[in-house]
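Reader: I'm new to this one. Could you walk me through how to read it, one feature at a time?

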Amino acid sequence: MGNTVGLLNEELFENIFNYAVGGIAIISTKGEWIRINDSIVSQLGYSKEELYKKTFQDITHRDDLSKDLNLMHALLRDEISNYEIEKRYFHKNGTVIWALLSVSLIRDSTGNPKYFISQIRDISQQKKDREELEVMLNVTKEQNSKLSDFADIITHNLRTHSSNLTTLMGFIAEENEDCDLEKSENFGYLKESVANLNETVNHLTEISKIKSLKVEDVKSLNLYAYASQAIYNVSGLAKHSNCSIINEVNKDHFLWAIPAYLDSIILNFLTNAIKYRSNKRQPIINLYSEVEDDFVVLHIKDNGIGIDLEQFGSEIFKMYKTFHKYEDARGVGLFITKNHIEYLGGKVSVTSKVDQGTTFSVFLKKCV
């Protein structure tokens, strides 16, 4: 029985070692490759025979070598039980491969070090995506900062003027109590104009909050989790409207975004879908996702009243553009949402048919 179990365990180890998607290697305490699986060969370009003649030091980027060696020695001194780092290897063709390296030390029955087990996962594409995102943010940082400062000045000055107008209007009303200005058509127009100005200033203040992004603000986020949270946040509104929201977002889709921005983007599209539902049928909103090139695409599909894209398609994301006769429609939400998406290096598109429904597709940079 013992021999059978031993053989089964050995076969299981062989299968895990040989068929693992990631690279697995057994390395001596001196850094020599003792055993390598096919994924290592695929990632680094060397044959097994070539690697067996080298140490891992030979193909490690010199800027990463000391950190790796220090951690390896800490393992040997039993100061740590394992470690994980990002490091660079040289591919056989001379290119640099970024890898996520996880290392553990195996000891014999007396506690003496025997060999290291290393797991190596190629993260070159992920690093490339991150670097491209950083470049994009750095290129726009100065311009965004100037625009943000300008917006702050404008909104501050407009708010000051609108407050002064509101105060002066109050003084005029007090000084002319006997004239009953509230019945004056011109005074009514003035009050409405000042109220509209205050509302405009509030909208501009919201837009001015879209500041230049910092690299450290952008995180790897799970789209399914954020979609689920947004659905929960509108659950009361959905229930009141007898609206069914279906979350079919892929649980394995991760993207680069700022948490507050991603929250705002999904919430805005959900609340719009509920607001512009059709009274002819039960409202249904479906969220699903796919990968397209370098993007994760979130689709928000509804069966609402739809938008006439032939008439309004070129204006749908412009500020103060509305397409339905709703009293609380202001034409600001989609404008701000589009800005959030584009600040994250993404884009948004829409398909719609009148009295059939609308689908918004949000493209955000995927995280490998």
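Author: Happy to. Let's begin with charge pairs: the count comes to 10 salt bridges here. Keep in mind that this is a predicted model.

Reader: What is the general idea behind such a pair?

Author: Side chains of opposite charge can pair when their charged atoms come close. For a case in this chain, look at Asp38 and Lys48, whose side chains form a salt bridge at 3.3 Å, N to O. That pair links distant parts of the chain, with Asp38 in helix 2 (residues 38-44) and Lys48 in helix 3 (residues 48-52), 10 residues apart.

Reader: How accessible are Asp38 and Lys48?

Author: Asp38 has a relative accessible area of 48%, so it counts as partly exposed. Lys48 is at 25%, so it is partly exposed too. The cut-offs matter for this step: buried means under 20%, exposed means over 50%, and partly exposed is in between.

Reader: Which residue forms a salt bridge with Arg77?

Author: Glu79 does, and the closest N and O atoms are 2.9 Å apart. Arg77 and Glu79 are both exposed.

Reader: And which residue pairs with Lys127 in a salt bridge?

Author: That would be Glu86, with the closest N and O atoms 3.1 Å apart. Here, too, the pair links distant parts of the chain: Lys127 belongs to helix 5 and Glu86 to strand 3 (residues 82-90), 41 residues apart. Glu86 has 39% relative accessibility, so it counts as partly exposed. Salt bridges can also join up into a network, as they do for Lys280, Arg281 and Asp355.

Reader: Where does Asp355 sit?

Author: Asp355 is in the hairpin of strand 11 and strand 12, which has 3 residues between the strands. Asp355 takes a positive phi there, near 65 degrees.

Reader: Let's stay with strands, then. How should I read their pairing?

Author: Strand 11 (residues 347-353) and strand 12 run antiparallel and are joined by 7 bridges. Within that pairing, Ser349 stands opposite Ser361 in strand 12. Strand 12 also pairs with strand 10 (residues 295-302), in the antiparallel sense and over 7 bridges. There, Ile300 stands opposite Phe360 in strand 12.

Reader: Why is strand 12 described as largely enclosed by the rest of the structure?

Author: Because 8 of its 9 residues, in the run 357-365, are buried.

Reader: Can you show me one of those residues up close?

Author: Take Ser361, which is found in strand 12. Ser361 has a relative accessible area of 10%, so it is buried. Setting aside residues up to four places away in sequence, Ser361 touches Val297, Leu298, His299, Lys347, Val348 and Ser349. With His299 there is a polar contact from side chain to side chain, at 2.7 Å.

Reader: What about Gly357: buried or exposed?

Author: Gly357, also part of strand 12, has 10% relative accessibility and therefore counts as buried. Beyond its neighbours within four places in sequence, Gly357 is in contact with Asp302, Asn303, Gly304, Gly306, Thr351 and Ser352. Sequence distance and spatial distance can be read side by side here: Gly357 and Pro283 are 74 residues apart in sequence, and their C-alpha atoms are 9.8 Å apart in space.

Reader: How do I read burial in a helix?

Author: List the buried residues along the helix. In helix 11 (residues 333-343) they are Leu334, Ile336, Thr337, Asn339, His340, Ile341 and Tyr343. After helix 11 comes Gly345, with a positive phi near 80 degrees.

Reader: Which residues make a nonpolar surface patch?

Author: Leu165, Leu168 and Phe171 do, and their patch covers about 280 Å². Phe171 lies in helix 5 (residues 124-175). With a relative accessible area of 43%, Phe171 is partly exposed.

Reader: Now zoom out for me. How many helices and strands are in the chain?

Author: The chain has 11 helices and 12 strands. Of its 368 residues, 38% are buried. The accessible surface comes to about 21,400 Å², and 51% of that belongs to carbon and sulfur atoms. Lastly, among contacts with a separation of 6 or more, 60% are between residues 24 or more positions apart.

How values were computed
Residues numbered from 1 in each chain as written. Predicted model: local features only at pLDDT ≥ 70, side-chain atom pairs only at ≥ 80, totals over all residues. Heavy atoms only, no water. Patch = residues over 30% accessible without salt bridge, like charges linked within 9 Å, V, L, I, M, F, W, Y side chains within 5 Å. Areas by Shrake-Rupley, 256 points an atom, 1.4 Å probe, with all protein chains shown as cover. Salt bridge = Lys/Arg side-chain N within 4 Å of Asp/Glu carboxyl O. Helix = DSSP H or I, 4+ residues; strand = E, 2+ residues; numbered from the N terminus. Buried < 20%, exposed > 50% of the residue type's maximum accessible area, 1.4 Å probe, protein only. Pairing = 2+ DSSP bridges. Polar contact = N/O pair within 3.5 Å; in protein donor to acceptor, adjacent residues only side chain to side chain. Contact = heavy atoms within 4.5 Å.
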